[in-house]
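Let's take a friendly walk through a protein model, one part at a time. Keep the structure open beside you and look for each residue as we reach it.

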Amino acid sequence: MTEFNATDHALMARALRLAERGAYTTKPNPMVGCVIAQGDRVVGEGWHVRAGEPHAEVHALQHAGAAAMGATAYVTLEPCAHHGRTPPCANALVAAGITRVVAASRDPYVQVSGEGFRKLTASGVVVDTGLMETAARELNRGFFSRIERGRPWVRLKLAMSLDGRTALASGESKWITSEAARADVQRWRARSAAILTASGTVLADNPQLTARLPDGEEAVAPLRVVLDTRGRVPTRARVFDASAPTLAVHAVDMVPDYGDDIAAYSVPRVKGRLDLGAMLAQLGQRAINEVQVEAGATLAGSLIEAGLVDELLLYIAPVILGDRGRPLLGGLDISVMSERLGLEIVDSRHVGPDLRLLLRPVRSRA
């Protein structure tokens, strides 16, 4: 097992920070960063900016120039070894004279997995792997989920009062959380490949569901996915406007008339409802890495009940809405304490006056 020194750790940490700069623009590709160094002196660095353009290694090599000869490349994901929309990065590293590659993680993609390392090793390059692998996988958890599990990483966004209500009994919910929290949600939307909602939310609130960032910040528009089991959503709804692509999902026994401009596909019913697992598998086939769910209590509860939620993004506002307010989740029939769903707090911070928690299920319900 390779023993990594302090310089290795520091430069890989730098590569991971660089990779994060592509959070809004690389999809469906993973975020990747690369640092090229002579000892502890950085001579080049780069990150993957957007799909179809040069990868992180190429940017770093261009930055390093002749100083790449005899240097070490720190890269957050295994260099590619196949011709896709860009040439193989493993070849570029060899041609530049890189003598050592430190990679955080193997690329799970079948055309790359292990081939990049083998190509480098066959050319005499020393390859060390596994440095900060957990952080690298966390950064690209959606990409790893799609490749390894066949479905996207699912993040359920929720907002509630201190007493666990999401709206008044009338349905009024604007606004429980602060402007700062709502701006924060836009950034989570921007890193998502898709925003998922249900027909009930569209009919009640008519949301646009786009990622709106400050001027000068770029993001690939997330796909809007509307679960419309019975084909109830009218084509004039804002989710079907031209500001972002939209996909409607309906039951196989329905033939909604969305017209020629709206993409749609069908999935089977399970106990009268759409098969959510089949729906997510279809999104995985469409190269969707991360899905952010923004819907009501019914869909939120159904996804949790099905064990399909990977993390919860929960905003808690310091307000009280009373016992007639609408609940956070619906349909979870928990009658004994042993059936409770345990959650791990991954991150906790204040956003304006609100508290934001990032939580992940720690075990399946019994």
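The C-alpha centres of domain 1 and domain 2 are 34 Å apart. Domain 1 covers residues 6-141 and domain 2 covers residues 151-361, with bounds that come from an automatic or database domain assignment. Before going further, note that this is a predicted model, in which local features need pLDDT of at least 70 and side-chain atom pairs count only at pLDDT 80 or more, while totals for chains, interfaces and linings use all residues. Residues are numbered from 1 along each chain as its sequence is written, and side-chain values use heavy atoms, with hydrogens and water left out.

How much area is buried between domain 1 and domain 2? The figure is about 1,200 Å², and carbon and sulfur atoms give 46% of it. Buried area here is the accessible area (1.4 Å probe) that two parts lose on being put together, summed over both. On the domain 1 side, Tyr24, Lys27 and Arg141 supply 64% of the area buried against domain 2, more than any other three residues. The interface also has 3 salt bridges across it; a salt bridge is a side-chain nitrogen of Lys or Arg within 4 Å of a carboxyl oxygen of Asp or Glu. Side chains of opposite charge can pair when their charged atoms come close. Look for arginine 141 and glutamate 311, which form a salt bridge with their closest N and O atoms 3.3 Å apart.

Now find helix H1, residues 6-19. Helices (H or I, at least four residues) and strands (E, at least two) are DSSP runs, numbered from the N terminus. H1 has 14 residues and reaches 20 Å from its first C-alpha to its last, close to the 20 Å expected at 1.5 Å a residue; the expected span is 1.5 Å times one less than the number of residues. Among its buried residues are Leu11, Leu16 and Leu18. Buried means under 20% relative accessible area, exposed over 50%, and partly exposed in between (1.4 Å probe, protein chains only). The cover over the buried residues of H1 includes strand S1 (33-38) and helix H5 (133-139), where contact means heavy atoms within 4.5 Å.

Next comes helix H7, residues 179-191. Its 13 residues should span 18 Å at 1.5 Å a residue, and its end C-alpha atoms are 19 Å apart, which agrees. Trp188 and Arg191 are among the buried residues of H7. What does arginine 191 pair with? Its side chain meets that of glutamate 290 in a salt bridge (2.4 Å, N to O). This pair links distant parts of the chain, because arginine 191 is in helix H7 and glutamate 290 in strand S14 (residues 290-293), 99 residues apart. Both partners are buried. Salt bridges that share partners join Glu138, Arg141, Arg155, Arg191, Glu290, Glu311 and Arg360 into one network.Another pair to find is aspartate 128 and arginine 100, whose side chains meet in a salt bridge (2.9 Å, N to O). Aspartate 128 lies in strand S5 (residues 126-129) and arginine 100 in strand S4, so this pair ties together parts that are 28 residues apart in sequence.

Is serine 161 buried or exposed? With 0% relative accessibility, serine 161 counts as buried. Methionine 254 counts as partly exposed, at 27% relative accessibility.
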